[in-house]
Amino acid sequence: MTEKPISLVAQRAKALQDEIRRLAQREGRSVQIMAVTKTVPPEIVNEAAEQGLTLLGENRVQEFLEKRPQYSSNCSIHFIGTLQTNKVKYLVDKVDMIQSVDSIPLAKEIEKRCAAIGRVMDILVEVNIAQEPAKSGVFPHRLLPMLLEISQMPHIKVRGLMTIGPAAASEEQRRICFRKMHEIYIDIQNQSIHNIDMSILSMGMSADYAIAIQEGATLVRLGTALFGKRSYPI
């Protein structure tokens, strides 16, 4: 029987895993790869999962709900997009983590919905490290008070922080932002706050994952590098 030829996505998956493993070893830590699946058909996502990229990042609630039944059963799914409070109820029993918590009202809604079904939701708090007005995420100076308030919510477990590098920035500007993000992450880690477990620093995407790894990322989110350029419907 002739073997099925390896797909382009599978080739990219293998190459990215090899490269990121080398980058991570150089920095003396392990780095997870998340496959960002916005607009990607489930059968293509499953090709990446077959190569070991089973951590998926979903951006849109409705798209996720439609695609979820078709994903490989061994996939772990995180929600990484902007999340409105009225959509939380659709996610709390279906995702393993919400990476984009950027406000106390959103955290309170997650707490309420998770309390109702008796589960604890792992989250990351999204930080707007460059303080860009058009972007979501809490500004750095408001992060600690927010974390202290969330730490009192028994159905939420903070597992770390997430950020997106500044838009239209130079490599050096991105590096500075990622370095500052890592410093904040380590500072909070050292405070040993109750119910705050700083074990994940999610930063770096297809255009800047190498810089992010050099500056302390433990998880990178890859879409274009893995699946190629896509057109995004409004």
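The residues lining the largest pocket split into 8 nonpolar, 8 polar and 8 charged. That is a friendly place to start these exercises on a predicted model, where local features need pLDDT of at least 70, side-chain atom pairs count only at pLDDT 80 or more, and totals for chains, interfaces and linings use all residues. Residues are numbered from 1 along each chain as its sequence is written, and side-chain values use heavy atoms, with hydrogens and water left out.

**Exercise 1. The pocket and the cavity**

Work out how much space lies in the largest pocket and in the largest cavity, and which residues line the cavity.

Step 1. On a 1 Å grid over the protein atoms alone, a cavity is a set of points where a 1.4 Å probe fits but cannot get out, while a pocket is an open set with protein on both sides within 12 Å along at least five of seven lines; lining residues have an atom within 4 Å of a point. Points are joined across faces, edges and corners, and a volume is the space filled by probe spheres set on them. For the classes, Ala, Val, Leu, Ile, Met, Phe, Trp, Tyr, Cys and Pro are nonpolar, Asp, Glu, Lys and Arg are charged, and the others, Gly among them, are polar.

Step 2. Take the pocket. It holds about 490 Å³ of space. Of its 24 lining residues, V36, K38, N59, I164 and M205 lie nearest the centre.

Step 3. Take the cavity. The count is 1 cavity of 30 Å³ or more, and the largest cavity has about 30 Å³ of space. Its lining consists of E126, V127, N128, I129, A130, E132, K135, S136, T163 and I164. By class, these divide into 4 nonpolar, 3 polar and 3 charged.

**Exercise 2. The nonpolar cores**

Identify the residues with the most contacts inside the largest nonpolar core, then list what L161 touches.

Step 1. Set the cut-offs. Buried means under 20% relative accessible area, exposed over 50%, and partly exposed in between (1.4 Å probe, protein chains only). A nonpolar core joins buried Ala, Val, Leu, Ile, Met, Phe, Trp, Tyr and Cys residues through side-chain atoms within 4.5 Å, and contact means heavy atoms within 4.5 Å.

Step 2. Read off the core. It has 67 residues, and V125, I150 and L161 have the most contacts inside it.

Step 3. Follow L161. Leaving aside residues up to four places away in sequence, L161 touches L124, V125, V127, L143, M181, I184, Y185, I188, M198, I200, L201 and S202.

Step 4. Look for a separate group. Another core, of 9 residues, lies apart from the largest one and includes V36, I80, M162 and L219.

**Exercise 3. Single residues**

Decide whether I123 is buried or exposed, and locate T39 and Q131.

Step 1. Strand β5 contains I123. I123 counts as buried because its relative accessibility is 0%. Beyond residues up to four places away in sequence, I123 touches M97, I98, V101, I150, I156, K157, V158, R159 and G160.

Step 2. T39 sits in the loop between β1 (32–36) and α2. Although T39 is not a glycine, it has a positive phi of about 70°. At 25% relative accessibility, T39 is partly exposed.

Step 3. Q131 belongs to the loop between β5 and α5. Q131 is not a glycine, yet its phi is positive, at about 55°. With 40% relative accessibility, Q131 counts as partly exposed.

Note on methods:
Helix = DSSP H or I, 4+ residues; strand = E, 2+ residues; numbered from the N terminus.
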